[in-house]
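Let's take a tour of this protein and see how its chain is tied together. Have a look at the picture first, then read on.

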Amino acid sequence: MAAELIQEDLTLTRRVGQSVSFSCGGIQECSSSYSYRFWYQKKEIETFRLILVFDESNGNINKGFGHPQQDDFTPEKTQSGSELKINKVKVDHSASYYCSCWKFLKHTFSLCGSYNYLIFGSGTGLFVTDESVVKPVVSVYPAASRVHVEGSSSLLCLASAMFPPVVQFSWKRQKNNGPLEDLTSEEQLDLRESGRSASILLLHQQEDSSYKYICSVKHEGGTVEAQTQQGNEGLVTVFNRDSASC
């Protein structure tokens, strides 16, 4: 499911009885002809369940979809988008929450001319617990001791010891203190298991060895970065930085 709406928060952690709000931006992607905002709940072993539909044009709320917790949720329109609020969270509110809207697509070569389809945000996970948020420990390692047979090598970025266990990886590179270059997600493979997550970045043999590589790990507790030394021979982590504290 491609995310086109913006849900900045990967996770939100709350104790029982606290309030929480899930934000949804990027609504300029939504069709101007349809002002409906859809909110879904997704629990770990369950399918998506529609909680409510909010008509931003007149404030009408439709909760007629049989969700057992429907009365716990209140939608609101904001300057930057929409929000879904829970005034007092319970343990069984623990789930992921997704916003959605209709998007208009004009088809030049279609007999129908145009149509609308649903687009979604990436979702925000809610953890209702007494546990405290703990930032990840991040390290970067060479994924192999020698160049691969295919003519490439890899870097491994490992994030561990965090709570909640949800993170988002991104990679950058820098040459001789020059500008940072974002690397596309097509060059990386993300892996997740209990207690830790990892991202593998493919390095092509022809890449200039004067580059250093930076792994950035987004987490509810803040973004943490780790980088390699200049050059991709015998790469090691030289620092682990919490960018939120800078």
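With -85° about the S-S bond, the bridge between Cys 157 and Cys 215 is left-handed. Keep in mind that you're looking at a predicted model. The two sulfur atoms of this disulfide, Cys 157 to Cys 215, sit 2.0 Å apart. What does this link connect? It joins distant parts of the chain: Cys 157 belongs to strand β12 (residues 152-160) and Cys 215 to strand β17 (residues 211-218), 58 residues apart. Are these two cysteines buried or exposed? Cys 157 is buried, at 0% relative accessible area, and Cys 215 is buried too, with a value of 0%.

How many disulfides does the structure hold? The count is 3. Here they are side by side:

| Disulfide | S to S distance | Torsion about S-S | Handedness |
|---|---|---|---|
| Cys 24 and Cys 99 | 2.1 Å | 80° | right-handed |
| Cys 30 and Cys 101 | 2.0 Å | about -90° | left-handed |
| Cys 157 and Cys 215 | 2.0 Å | -85° | left-handed |

Now for the bridge between Cys 24 and Cys 99, with its S to S distance of 2.1 Å. Cys 24 is in strand β2 (residues 20-24) and Cys 99 is in strand β8 (residues 95-106), so this pair ties together parts that are 75 residues apart in sequence. Cys 24 has 5% relative accessibility and counts as buried, because the cut-off for that is under 20%. Cys 99 is buried as well, at 2%.

Next up is the disulfide formed by Cys 30 and Cys 101. Its torsion about the S-S bond is about -90°, so it's left-handed. Cys 30 is found in the loop between β2 and β3 (36-42), while Cys 101 is in strand β8, so the pair ties together parts 71 residues apart in sequence. Cys 30 is buried with a relative accessible area of 9%, and Cys 101 is buried with 0%.

If you count the bonded cysteines along the chain, the pairing pattern reads 1-3, 2-4, 5-6.

Let's zoom out to the whole chain. It has 0 helices and 19 strands. Of its 246 residues, 39% are buried. Among contacts between residues at least 6 apart in sequence, 57% join residues at least 24 apart. Finally, the accessible surface of the chain comes to about 13,600 Å², and carbon and sulfur atoms account for 49% of that.

Conventions. Residues numbered from 1 in each chain as written. Predicted model: local features only at pLDDT ≥ 70, side-chain atom pairs only at ≥ 80, totals over all residues. Heavy atoms only, no water. Helix = DSSP H or I, 4+ residues; strand = E, 2+ residues; numbered from the N terminus. Buried < 20%, exposed > 50% of the residue type's maximum accessible area, 1.4 Å probe, protein only. Contact = heavy atoms within 4.5 Å. Areas by Shrake-Rupley, 256 points an atom, 1.4 Å probe, with all protein chains shown as cover. Disulfide = S-S within 2.5 Å.
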